[in-house]
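Please open the model in your viewer and keep the selection panel at hand. The stops below go from a helix pair to a core and then to an interface.

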Amino acid sequence: MKRHPAAVGAHYGALVVLGLICITPIVVMFATSLKLQTQIFDTGLNLLFAPTLQNYRDVLGEGSFARYLTNSLVVGIVSTVITLALGCMAAYGLARFRFRGRTAVAYTTLLLRTVPLAVLAVPVFMLWSRAGLINSLPGLVLLYVAVNLPFTIWLLYGFVLQVPVEMEEAAAIDGCGPVRVFYRVVLPLIKPGLAAAAIFTFRIAWNEFILALVLTDRATRTLPVAASLYITDIGVDWGKIMALGSLIAIPPLIFTFIAARQIITGLTAGAVKG
Amino acid sequence: MRRAPWVPLLYIGPAAAVMAVACLFPLISALQLGFYDWSMGTPWAEARWVGIDAFVAAFRDPAVWRSLVTTLIFAAVCVTAEMLLGIALALALEGDLRAMAFFRTLFILPMMIAPIAVGLTWRYLFDAQFGLLNALLGVLGAAPVAWLAQENTAFIAIVIADIWQWTPFVFIMMIAGLANVDTAVLEAARIDGATWWQTTRRVKLPMVMHVIAITLLMRLIDAFRVLEVIYILTFGGPGDSTEILSLHIYKTAFVGQRLGSAAAISVLLLVVVATLSWGALKLSNPLKEGDRA
């Protein structure tokens, strides 16, 4: 059924407009990061300007930037690895085993995913203070893992269900113990799920702001918290804050362009097939 | 296959332990914390037991009610707009275009960017002096609007930011749902002479009702969890016109320094979210086995 060229054109046109709407704020952020204070204060629609890297030099030059970057990277990578490891095991366990309390565990896991982080912030602040975990990276990692596990388990659960049980049984007949079946047969088959879960988990740990704000101090601060500090009572240092914001946005942008398909599969898998 | 009874524990134990310690336990502690009057900076031993005073006070506090109303209106407006826009756009733009993969990549950008970056960018766009929106209004000959300084426009601002961020999500979910519709049924409808509208309303929409319901509930629950964007965009202002519950809790705890009260209000928010989530769970039947067609 050939479509009328005008319809196809309109179709593309609409998609282009929507695409522009999606990327314009992001482009504005990058553009502003390349402007000097004077250019920013120049009101009016100035689309043409001489870009400068001064803001980036200022932000990167601040002695603490390296520390914040390290903190963000450490927290992001470690929480992602731990979440994936614990999450894929739990997903497999929920999918393949029947045991008392299985429904309770499954439902609790799913309900935990919906907890507003502000609600967690208050008691965690109190508990972490008493446990000596406040202002520490391990304390933050522990919280991020707990917060990300529900979604990761739910995501990987769907992928595990798609692995035919017969393959595992065949491997078991061939002499593989249950752990090897999991490791050698199931894990490789759910790689797309693991990739999606890794991206989502890292993105949350990397982008997260409010819990990090509450649980870190100058030594353990992550990049998003550092960015928020450019908002003061006097005003906002737009050039620098946009520069830092742009830097923070780079890993998610890279992930998005490389792995868009996996991300979308991860998002839609549970809802659509069910 | 016979399995030793400790095997499930081995697989699920570690994850369950972490979630119990760092997620479930704090939530229960929040409930406990609500019974105390504890100010930040004082040692825990000095916290005063106040019984249900904090809970009662929270129920009576007009600021809490205002915040709840703001949150409900915010959630209702955003989710309605996002669902309508997302579904309409998906219906209009579904279909196999080769470039669709590229566009989909663009469409997931808003939700992948850090929420505080979203808040920052929109705060800049809405800025009364340097913002792009007022610049555009200037080009069109209209007067600039002090978006973030007036209550109504500030609310519009946070709604627009949320719509920008999440409509693409609804769109992508709907596209995926529509792609799964059995083409044989659509073809049968076409042969029977159904118009586009009839096909859409009577065939397509019912077949994607499940996806719509799940997306709707996901958005609704997430609308109650919004915090970071509004924190940066308006910080609840002007006054408390955009102070949704999450932000009110945060401010009570870490600005007002009243952790007990904040915990009490948290319980209220939790009840709302838990109720919605329970409904979503029942609807999506998460423990469905691998019974795919």
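Start with α3(B) and α10(B), whose crossing is right-handed (the near helix is turned clockwise from the far one by less than a right angle). Helices here are DSSP runs of H or I with at least four residues, numbered from the N terminus. This is a predicted model, in which local features need pLDDT of at least 70, side-chain atom pairs count only at pLDDT 80 or more, and totals for chains, interfaces and linings use all residues. Residues are numbered from 1 along each chain as its sequence is written, with chains lettered from A and ligands numbered from 1 in the order in which they are written.

Select residues 62–93 and 209–225 of chain B: these two helices pack at about 145°, with axes 9 Å apart (axes are lines fitted to C-alpha atoms over the stretch in contact, and angles run from 0 to 180 degrees between N-to-C directions). Among the residues that meet are B:Phe74 and B:Glu82 of α3(B), and B:Leu216 and B:Arg219 of α10(B); contact means C-beta atoms, placed from the backbone, within 7 Å.

Next, select A:Ala121, A:Val122 and A:Ile210, which have the most contacts inside the largest nonpolar core, a set of 178 residues (buried Ala, Val, Leu, Ile, Met, Phe, Trp, Tyr and Cys joined through C-beta atoms within 7 Å; buried means 20 or more other C-beta atoms within 10 Å). Beyond its neighbours within four places in sequence, A:Ile210 is in contact with residues including A:Leu117, B:Leu227 and B:Tyr250.

Finally, show both chains: 86 residues of chain A are in contact with 89 of chain B. Helix α13 of chain A, residues 238–273, gives the largest share of chain A's side, 17 residues.

Definitions and conventions
Contact = placed C-beta atoms within 7 Å. Buried ≥ 20, exposed ≤ 12 C-beta atoms within 10 Å, placed from the backbone.
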